[in-house]
Amino acid sequence: MKPLRPRSPALRDKLFTALGFLLLLGGWQLLSVLTHDILVASPAQAVSALGEMIQTAHFRQHFWVTLKRIFSGILFGGASGFALGITAGLNRDIRNLLNPFRWIMLSISPVIVVVVAMLWFGMGSTMVVFIASVLILPIVYVNTVKGIEMVDATLVEMAHLYRFSLFMRILDLYTPAIIGPLSAAMVLVICMGVRVVLLAELMGANDGIGYAVGTTRTNLDTPGLFAWIMVSLGMVSVLEFCLLRPVEKHFRKWQP
């Protein structure tokens, strides 16, 4: 008797993704059994703590503060990186001029950025948004420039020959080339945005999820700590699948 196989690659992908989640949960449960509760909370304990936590005003306050900071950091950092990337991609002199800044921003440690931002802005939302923007900007910039460089030189020459306006060249020639690298970059941007904001809140804020994580650590509330970890993972999933995927699908209409 032949073993049953998924009827389509899409179904097979979903089955293996579900298997990956089951393995992850199984490993988590096993780790909680092998260690003390104060080190690793079990999935059941984390879910129970999360259920109690989401009913409180404390949770809603920290959650919405962090969400606004993440959106602001991604917006400012992404928009700045995209604008600079378009400019540098279209002008070789500007690209060479920005190379030292690009190298510095990609090489500098996030912890150093956090310390400098705390020195400049003190504790609060301005500091957190600044850190997220600074660390997100070079990722979007590099991928935007790379996308423009991938455009066929013959097509660029034809666009100049037929006197395409700058707007037409950006919309019809460069945008389809940017979509691929930029889509991959946005996944990293969203994940980094959440991580950086939580790190900044942990080190220098009086509210937000990162601050709440620090509080649970101080109080040795391990189930609460893992509950907040689940919240942060859920935020990344929602941002990717509810925001990034629809935008990516819309812009891929330009590609053949």
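Modeller: Among contacts (heavy atoms within 4.5 Å) between residues at least 6 apart in sequence, 75% join residues at least 24 apart. This is a predicted model, in which local features need pLDDT of at least 70 and side-chain atom pairs count only at pLDDT 80 or more, whereas totals for chains, interfaces and linings use all residues. Residues are numbered from 1 along each chain as its sequence is written, and side-chain values use heavy atoms, with hydrogens and water left out.

Arg-69 and Glu-201 pair at 2.8 Å, N to O; because Arg-69 lies in helix H3 (residues 57–90) and Glu-201 in helix H8 (residues 166–204), their pairing ties together parts that are 132 residues apart in sequence. Helices here are DSSP runs (H or I, at least four residues), numbered from the N terminus.

Arg-69 also forms a salt bridge with Asp-207, where the closest N and O atoms are 2.7 Å apart. Asp-207 sits in the loop between H8 and helix H9 (209–218), so this pair joins parts that are 138 residues apart in sequence. As for cover, Arg-69 counts as buried at 3% relative accessibility, and Glu-201 is likewise buried at 0%, where buried means under 20% relative accessible area (1.4 Å probe, protein chains only).

Definitions and conventions. Salt bridge = Lys/Arg side-chain N within 4 Å of Asp/Glu carboxyl O. Helix = DSSP H or I, 4+ residues; strand = E, 2+ residues; numbered from the N terminus. Buried < 20%, exposed > 50% of the residue type's maximum accessible area, 1.4 Å probe, protein only.
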